[in-house]
Amino acid sequence: MTHEVNDLSLEELEGDRWGEPPPGSTFLITRVTQLRRVPVGSLDTEGLRIMIGQGVGLPVLIPRALAVLRRDPLAHGDFYPGDLLAAVVRKYDDWKSTVDDPEGELRRIVHAIDGEDADVMPDLLAELAPFIADPD
């Protein structure tokens with residue numbers, strides 16, 4: 001039986017089961033371990049943000065995150081508008097080789113941000129700077 005990627009968890013897709021987190025693990029370690037067991041198609045924006053921020057499952061999760069960001073460049077989890085985009089940009093060097101035209105993808109997403117969205121944090125704007133400027 002063939003499964004869609006969205007129906008499978010990272011553990012199933014990668015064939016790597018982490019088991020239970022050690023006693024006394026941090027919230028983040030426990031959460032990442034739990035999210036690895038969730039079908040990829042069921043991960044919400046916060047789940048994507050956490051996993052990408054930790055560099056887990058990038059080849060599988062980045063295309064999904066980019067699809068979310070194409071619809072809503074300032075999609076957010078639990079922190080602030082654009083926190084998913086910030087996680088994706090921060091891990092850019094780790095995933096750029098897995099996507100066709102990664103810089104173009106981010107440039108299109110960044111340019112789709114409505115100029116009136118004043119709630120974009122200055123730190124996020126600084127991280128997006130390489131993708132805001134027009135290419136030479």
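User: Why is Glu14 called partly exposed rather than buried or exposed?

Analyst: In this predicted model, Glu14 has a relative accessible area of 39%. Buried requires under 20% and exposed requires over 50%, so Glu14 counts as partly exposed.

User: What makes the pairing of Glu14 with Arg36 a salt bridge?

Analyst: The closest N and O atoms of Glu14 and Arg36 are 2.8 Å apart. The criterion is a side-chain nitrogen of Lys or Arg within 4 Å of a carboxyl oxygen of Asp or Glu, and the pair is accordingly one of the 11 salt bridges in the structure. Glu14 belongs to helix α1 (residues 10-14), whereas Arg36 lies in the loop between α2 (27-35) and α3; the two are 22 residues apart, and the pair links distant parts of the chain.

User: How do you know whether Arg36 is buried or exposed?

Analyst: The relative accessible area of Arg36 is 1%. Since buried means under 20%, Arg36 is classed as buried.

User: Why is the pair of Glu20 and Arg37 said to tie together separate parts of the chain?

Analyst: Glu20 and Arg37 form a salt bridge, with their closest N and O atoms 3.2 Å apart. Glu20 sits in the loop between α1 and α2, and Arg37 in the loop between α2 and α3, so the pair connects parts that are 17 residues apart in sequence. Glu20 has 62% relative accessibility and, because exposed means over 50%, is counted as exposed. Arg37, at 34%, is partly exposed.

User: Which residues do salt bridges with shared partners join into one network?

Analyst: The network consists of Glu11, Arg17, Glu20 and Arg37.

User: What makes Glu46 and Arg49 a pair about one helical turn apart?

Analyst: Glu46 and Arg49 are three residues apart in helix α3, so about one helical turn separates them. An α-helix has 3.6 residues a turn, so residues three or four places apart point the same way. The side chains of Glu46 and Arg49 meet in a salt bridge at 2.6 Å, N to O.

User: How do you know that Glu46 and Arg49 are buried?

Analyst: Glu46 has 12% relative accessibility and Arg49 has 13%. The limit for buried is under 20%, so Glu46 qualifies, and so does Arg49. Leaving aside residues up to four places away in sequence, Arg49 touches Phe79, Asp83, Leu84 and Ala87.

User: What makes α3 a mostly covered helix?

Analyst: Eight of the nine residues of α3 are buried. They are Thr45, Glu46, Gly47, Leu48, Arg49, Ile50, Met51 and Ile52. These buried residues pack against α1, α2, α4 and α5. Just after α3, Gly55 adopts a positive phi of about 75 degrees.

User: Why are α4 and α5 called oblique to each other?

Analyst: Helix α4 (residues 58-71) packs with helix α5 (residues 83-90) at an angle of about 140 degrees, and their axes are 10 Å apart. Roughly antiparallel would require an angle over 145 degrees and roughly perpendicular one of 65 to 115, so the two helices are oblique. The crossing of α4 past α5 is left-handed.

User: Which residues make the contact between α4 and α5, and how are they classed?

Analyst: From α4 the contact uses Ile62, Ala65, Leu66, Val68 and Leu69, and from α5 it uses Leu84, Leu85 and Val88. By class, the contact has eight nonpolar, no polar and no charged residues.

Conventions
Residues are numbered from 1 along each chain as its sequence is written. This is a predicted model: local features need pLDDT of at least 70, side-chain atom pairs count only at pLDDT 80 or more; totals for chains, interfaces and linings use all residues. Side-chain values use heavy atoms; hydrogens and water are left out. Axes are lines fitted to C-alpha atoms, for helices over the stretch in contact, and angles run from 0 to 180 degrees between N-to-C directions. Helices (H or I, at least four residues) and strands (E, at least two) are DSSP runs, numbered from the N terminus. Angles under 35 degrees count as roughly parallel, over 145 as roughly antiparallel, 65 to 115 as roughly perpendicular and the rest as oblique. A crossing is left-handed if the near helix is turned anticlockwise from the far one by less than a right angle, and right-handed if clockwise. Contact means heavy atoms within 4.5 Å. Ala, Val, Leu, Ile, Met, Phe, Trp, Tyr, Cys and Pro count as nonpolar, Asp, Glu, Lys and Arg as charged, and the others, Gly among them, as polar. Buried means under 20% relative accessible area, exposed over 50%, partly exposed in between (1.4 Å probe, protein chains only).
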